[in-house]
Amino acid sequence: MTFALCLLPFALAFAQEPPAPIPATGATAAVPMLRVFLDCYECDTEYQRQNVTFVDYVRDRTDADLHVLVTTQGTGSGGSSWTVKFIGLGRLQRQDRTFTFTTEQTATSDDRRKAFSRIFKIGLVGYAADTSIAPQLDLTWTKPAATKAAVRDRWNSWVFRINLNGNFNGERTSKSSSSRISFSSSRTTADWKLNVSVGGNVNKNTFEVDEDRTVRSQRDNWFTEGLIVKSHGPRTSSGLRASMSHDSFSNIDRSVRIAPAVEFDFFPYKESNRRSLAVQYTIGMSRYQYREVTIFDKTEETVPNHSVSLSVGLRQPWGSLNAYSQLSQHLNHRDRWRSAIWGSTDVRLFKGFSFNVFAEYSKIKDQISLRKGGASTEEVLLRIRQLATDYSYYYGFGISYSFGSIFDNIVNPRFSGGGFFFFF
Amino acid sequence: MRRVLRASTLLVLGLLAAATLAHAQTPPSEPTPPQSLRIVIHCPDCDTEFLKTNVGFAEFVADAATAEVDVTVSMPTGTSREWRLAFAGRGRFAGRDRAVMFSANGGPATEETRRELARCLKLGLAEYAFETGAGPQLNVTFKSTAADAPKQTKDPWNYWVFRMGMDSYGNGEQSNVSRSYYFNLSANRTTENWKIRVGGSRSLNKNTFDLGDGEIVKSSLSDWNGDTLIVKSVTGHFSVGLTASVSGSSFSNEERVAEFAPGVEFDVFPYKESTKRSLTFQYTVGGAHYDYEKETIFDKLTEKIAKHTLNTSLGLRQPWGQAGGSFVFTQQLSALERTRLSVSGSISVRLVKGLTVNSSGSYARIRDQFTLDKGEASEEEVLLRQRQLATGHRYSFSVGFSFSFGALSNVTVNPRFSL
């Protein structure tokens, strides 16, 4: 079933390979403004609509002359590598172009939207050169003062990151807090990927139910983990994961795990921003020490296990699809296993109509860490302890339909509450 | 904590050892693109010297074999005034072809023609030059004229956009299930001068917990609303508007609330800079009619109030980061002591390269909880936050630091083992 699900997009992905571009057709002068569908999650489209004004923006790709599909991927230093694909539609059919650029990890949101804006305009200008506003367009070039010599990287590709976060809120009868800390160091090159991270998390809640009764709850966890990956050719890699962790929710005082793995991608990894279909096999050993005696009367145990997973990722003009499935099994108790399938898709089905679905379902036969004894009402309601179950799921779906004016040019911020907020 | 430290140290050491191994592999250097674009231009009558001076990012070569872009200029023939520039990519640009046209009156030697020729040459070369050393210094400029607005020629829908949507979320396992549903509907018309919105939504959220001894706890939250907003732009800084709504909320003990409030808004900065900065002052005065689900702490089942609100908001998104803040004061005109004062702010700043601090917080002084249910709240209602509880204040605060250092310009993308 999982496999069949994964084959469908696989076939779709192949069908989506763009044909080789053919020479530009001679366009007639003074065609109306270019109609652009900007398909981008990270571009601040409102900013682009206010600042790149020599095109008409439309709400649906079926009304566009040009579909601008933007994808980003993380770089080794934590920045973003952007791929901006200009897909010609209608009279611009087959005139596709691709531009790539990067923004650093230290770039602010303003830096990022400006960098995109510059490349967006350079990409558009060739298409807009035969439209009615073409006479108002120009290209400027400022000669750099001096060419910078290539700087030697004294960090040898290592990047270090420290994050600290705290959230606190409350009112008269309740308060809650959550704190997180993490440190990571990584070195990413085309041949190797190394990652070491350490972190922890504490969540606390206090509820004054009445004058004599106060309910308090706490969940905490910490981890330290490492990953080494070696590339072998464009589609294969091998790696090793090692970790040590603690999780109060799962009754785990400490667990240590070491697991080597191999991965194969049916598409070359360099196409991963648009499509990937990877299979991974892991075999490893875990050692658990429990906080309290488990339902199997254990306080500690060692478990050898293996798992196989399949993942698919597609971002195409019709939308996107991601799916993942995993099967894991204990090698000392073959009847202890877990299977999980997760999928998410966002599809533009026809003009104005789109739907999105995400769902996960797990079949669970390996809850060995469960604490012996019943759970209190607070533990259940506040979800501070793992409970016995054979399955778990979550899902979400949404449909949206819109019609009316095809244009999306105007930004009118009046009476929108002013300012803007963002929370961390 | 000692264990964590020991574990981390071990792991870090192990990986550093592995890293030393990896170190032997020198990181691949990005292939450096050629400094300038080599082009060959076929136009015997053109003023090539003029073009060379004006298209500084390209190197004009004589030998077509070494060129990366081949440009053929066709002069107008007969009565036509149309010039055509055909661009053909060579080598790494093979297959990337493009044509650019312009109209000019005079021959190739006139000032107008050679300027237009240079401009169109630059536009056509932009996409190729982007991939050379000159790429980072290229910029497209657009001289907009008053005649450009409104841009689109005709719109049969007269700017109206209609949307409808439905979402549902859920999760569950043996002992608990949670589901939520959300529907919405809206009609919008947004132009520079008017903003009109009519919409409605409905949301439902249900939870079931099995406590294990046959006891089941169920909870649900329900909200609905219908609202309309009409805003007229008066100047680049000033607008007048009207909001009207009908809504209900089980959390707040509100069976039905009908509200109506006209208002004015002033932005210190021009509204057209709203994605960069805004500082607005909004004042509304209006009335509301409340019908409650259960008798309130003031023994009411229904009541009418008149109130006014002042809302000041700041929004900045600048090269250093972003910041936002608001100050809202609401007071009932029928009972002046019933007030609410809310202050909130958020900021994300890059202090130095690699160090970002972000923080957000809000504080409300609450003196107007007149809709509270008179009855006692059950333990489940408290723990599952099913109803509003009496309080004089509410706060939230968050702060985060992120510091990165090292090889911050490493642009390698390595998607292996990302799961």
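Q: How many helices and strands does chain B have?
A: Helices (H or I, at least four residues) and strands (E, at least two) are DSSP runs, numbered from the N terminus. By that count, chain B has 4 helices and 18 strands.

Q: What are the conventions of the model?
A: This is a predicted model, in which local features need pLDDT of at least 70 and side-chain atom pairs count only at pLDDT 80 or more, while totals for chains, interfaces and linings use all residues. Residues are numbered from 1 along each chain as its sequence is written, and chains are lettered from A and ligands numbered from 1 in the order in which they are written.

Q: In what order do the strands of the open sheet in chain A lie?
A: Two strands pair if DSSP finds at least two bridges between them. The open sheet has 5 strands with mixed pairing. S1(A) and S2(A) run parallel, joined by 2 bridges, and S3(A) and S4(A) run antiparallel, joined by 9 bridges. The order is S2-S1-S3-S4-S5.

Q: Why is one side of S2 and of S5 in chain A left without a neighbour in the sheet?
A: Strand S2 covers 56–57 and strand S5 covers 97–103. Both stand at the edges, so the reason is that each has a single partner strand.

Q: Which residue in S4(A) stands opposite Leu69(A)?
A: Leu69(A) belongs to S3(A), where Asp39(A) stands opposite Leu69(A). S3(A) also pairs with S4(A), antiparallel. There, the residue opposite Leu69(A) is Lys85(A).
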